[in-house]
Amino acid sequence: MSSPNSPPVPLAAHEALRAQIRVAAEAFATDAQPLATILAGLVDDVERAMREPLEIFPVCHHSPSSAVHMVRRLRERAPRVIFMECCEDLRPLLAGLAECTLPVALQAFASEAEGFPADWAPLNLVCPLSEFSAEYQAILFGLTEPGTELVFVDRSSDHVFQWKPKPSEQKAAVAEAPAEDDEALAHPHGDARGVELGSSLPTLSSFTEVLLRNARVAHYSEWWDQYVEAPVIGSDYAHYREVFFLVGSLIRRLGRREEDIAEDELRERFMWTRMKSYLTAHGLRPQEALYICGAAHAVSRVPEFGAESSVLWDIPPVSGTKWRYGLLPSSYAAIERQFGHPPGSLSIADDRWRSELRKARLSAFKLPKKSTPADATDPGEKLPQGTSTAKKPRAIPASLPPSRTGQLLGFLAQPPPTADEDQETLLSWCTGIVALARKHGYMSSTADSIAVYQTSMLLCHLRNRAHPTPWDFRDAAITCLEKDQVPKRRDINRLCDQLLGGDRIGRIGYDSMPPLARDVYDRLSLLPVQLEARNVQRALLDFTKHPDWLPASDLLWKLRCLLPAEVVRPIMGQRQLGAAPPHQESWDLALGRYQGSIIQLGYEGITVEFVLEQRLRRKAFAETARTVDALEAVEQAILFLKSERLVTDLGSQARALLVSEPDVRDAAAIYARISRLIHYYRSFTRLPEWCADFVTTGYSHYCSLLPTTFHDRSAKPADVAAMLQFILTLESLALSLGCERSELIIAIRQAALTATDPVKLALLWSVECVLQLRNLSSLREQFDRVLDNPVALGTLPAWLNGFLLSLSFTPVMSSFTVELMSKAFAWLPDEVLMPWLPALLMSLREHAQASGTLATLLKESANVFPRTLSSLEGWNPPWEQRLTSTSTAKSLSPASAKANSGNPSAQALLRSYPRTVEALASLLGQPVQWHDERPADEATSEESRAVIGTPSEPIGSPLLVAHPATAQALASLLLNEA
């Protein structure tokens, strides 16, 4: 670092290192010139960064060595201003850190993306902070030091998304991006885009693979820990800067993709322009400032680089997006997943940070807690750049001591310093992991502890390490203890994370929360639970003893609609349309564990009710919204908001969406929801106008879809049945509101011309029976022929499935369905019935969940079949009785020839006036057949007869057959009158 009293660094300070790099390039490369040029550029970058009068502090995100050197540097001398690589619009959030427990994340959120692609909304950005990061220590120093200003100089949150690749550009970059864990969907940051301060992670996969393969390590974090962290954490400040400059130049030149370098250069031009503008505006010298940035940004080659450069960049304007800001709880696991670090790396870094502070006898900077809530600053309030809570200014040294430079080659050539072997720590790890493994179901013993210890030593020697590291211990534990199958929930890798420090979850203080989150905690504070507890709290609510808990219950049901299921989960109790709240409820509350979910609600509004209303409107009026979504929003608005205006708007939108429904896949859900709403309104008040319009619109709309739906193969029969259920069940209401039944009749006749699917044909015939366009006797005749036709038996399960579906909208087909199934079981032989039986059972299983289908079928079966065992012996089904009575039907000629042999005038009278007999047969519902007349001597023969009935139909009802006296008396009366 240069200063007013230190001479400039000579250009030949690193000439020896440059010469050695050139010799190495000639020895290991066939074409040494390109490689030598690249490697020599590394030294040039180091010299250029060291000569810069504005002191550059290179860091790596969550690096203990960076944090330790930051504490040393700031305790040695305080700069007048600290420039930091972080989004400039996140600076006002730092005032709320005093009430928080780390790790936390600075968050920017925008529910509407103005000027961005619509599918990007909502825009969400987080910048996580941990205690052992250099940037956090600098933040604490800037907030507590009287004479130091802290300024964020990186691009704003709006620029982050402006420079984000478009979806077409992102596809090419996905191939080289590290794959995320499946559990990433549940981490506290959600789907927010992460901003990492001082990122030094290479993005070129080929470079990373070569680096890890030659170092014989599994992760980049392990390579960084062995070759960067360990050598520089105990070095002096000058060597730390030179090594970080060198590594940053290596990653920038060889380890970054071209699109990443282009974005890095935009950020560097932005930051240098902001810094030079700030120095000019405040009249500060470059030597009075400190610039904290990532190691790759520290060796930038943009024209704006350097305080002595007069080049300034025209910063592009921000879009019209309205951003909201706040603090979000984070965790080590969330940071590791979002930025591609291996699990457990942050716990290892935290342990190294605390250990190094003890060795160096340093104390980290602390942010004092606020004494009163009145002193709290609203995290959403925008403060001017450089705002500090400091009260007393501290004198800044007039001159800064010179920095040693040019010793990088000696530092790189010297062997690593010797360190005492810490066998006690390794032994505690080995015994601890075996104890944890045994606790979680692994069959481990003391011999496994010895094996883990020896394997750790073996791995560290293979990897050229003096002592085993946590990475060596983890690999050794997995090798010695892991089995083919995990006994319980946690495997050895997770147990190592728990042993080495485990996951740490941050917490946001009450005063740092947005107003909505504070309102939620205030309204739920009267419940008998600890809302801030990390574990799940069971809340038992008895409203008979505590009626004042009902408002809190209402709030919990609203939060149930807004938050993930694991945050607020009802165990007992429910809210239904028209039903009073229950006397008792039970809830599982995890508000303390998922604090971030409630905080993010605060970015959408001031109160829970406002956010819920906005969510319901977005659900109903979205471009991809369907009718069932709008009806669900209507139901929730009635239950939780009780706003007639909102219900009317959502209901009108549901009607508009129904008209544009191109298919019937949501017909079942639509009918279920609208029927509940109709029953609700009829129970308390008259039907609202929007609901009446929905019924009439749905009746006409579904009638118009009937012809195409029966012909469309993509339409499922269950959906067609649900559509017919809507039409026929709500038909009386629709007709009373002005609809015409002719719409349905015309649609059914048109559908009959195109329907070919057996299931849909069964539904069509059922509707025709309801509309009296078809009678059941014709169906009986047709399916009797089906049962007699071996070729057509394969379609019988499909027909039955259709008739079962029809039971959802008409009970007319229940008796026929029972008759058809009974005939199939009675008539079909086993070789035909047994292969067909599984298909029937599967079709019945599909109807098990249908409301009323199987209940109607079972009720009809109970009415047909005998209820006692004694009545089973002489029982005949009704359809068999009709067949028996038909086959034994009594004719007028044969039976009456004997009975009326002494009264031949009766026969002559009947033959003379046949219309009387035909009218009587028509009254009984039976056809009549007259036989040919014979001579008088043969008039009494059995061949001369008039037979009432046919073999396929019975003679009258079973009652007349069982009691013929009534019919005979009627016949005698007619004869006497004649």
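Strand β1 (residues 55–59) pairs with strand β7 in the parallel sense over 5 bridges. Two strands count as paired if DSSP finds at least two bridges between them. Helices (H or I, at least four residues) and strands (E, at least two) are DSSP runs, numbered from the N terminus. The model is predicted: local features need pLDDT of at least 70, side-chain atom pairs count only at pLDDT 80 or more, and totals for chains, interfaces and linings use all residues. Residues are numbered from 1 along each chain as its sequence is written, and side-chain values use heavy atoms, with hydrogens and water left out.

Strand β7 (residues 289–294) has 6 of its 6 residues buried, so it is largely enclosed by the rest of the structure. Buried means under 20% relative accessible area, exposed over 50%, and partly exposed in between (1.4 Å probe, protein chains only).

Aromatic contacts were examined next. The structure has 29 aromatic pairs. Rings of Phe, Tyr and Trp (its six-membered ring) pair if their centres lie within 6.5 Å; planes under 30 degrees apart count as stacked, over 60 as edge-to-face and the rest as tilted. Y220 and W223 are stacked, because their ring centres are 5.5 Å apart and their planes lie at 25 degrees. Both residues belong to helix α8 (residues 220–232), 3 residues apart, about one turn of the helix. Y220 is buried at 10% relative accessibility. W223 is also buried, with a relative accessible area of 10%. F783 and W799 make an edge-to-face pair, 5.5 Å centre to centre with 80 degrees between the planes. This pair links distant parts of the chain, F783 in helix α31 and W799 in helix α32 (residues 796–806), 16 residues apart. Both F783 and W799 are buried. Ring pairs also join F57, Y220, W223, W224, Y227, Y237, Y240 and F244 into a cluster.

F783 also lines a cavity, together with R780, D784, F816, E819, L820 and K823. This is the second largest cavity, with a volume of about 30 Å³. On a 1 Å grid over the protein atoms alone, a cavity is a set of points where a 1.4 Å probe fits but cannot get out; lining residues have an atom within 4 Å of a point. Helix α33 gives the largest share of the lining, 4 residues.

Salt bridges number 48. Each is a side-chain nitrogen of Lys or Arg within 4 Å of a carboxyl oxygen of Asp or Glu. E609 and R523 meet at 3.0 Å, N to O. E609 lies in helix α22 (residues 608–621) and R523 in helix α19 (residues 515–524), so the pair ties together parts 86 residues apart in sequence. E609 is partly exposed at 21% relative accessible area, and R523 is partly exposed at 27%. A salt bridge also joins E604 and R618, with the closest N and O atoms 3.2 Å apart. E604 is buried at 17% relative accessible area, whereas R618 is partly exposed at 44%. E85, D154, R155, E263 and R267 are linked in a network of salt bridges.

Terms used:
1 Å grid on protein atoms, 1.4 Å probe; cavity = no way out; pocket = protein on both sides within 12 Å on 5 of 7 lines; lining within 4 Å. Points joined across faces, edges and corners; volume = space filled by probe spheres on them.
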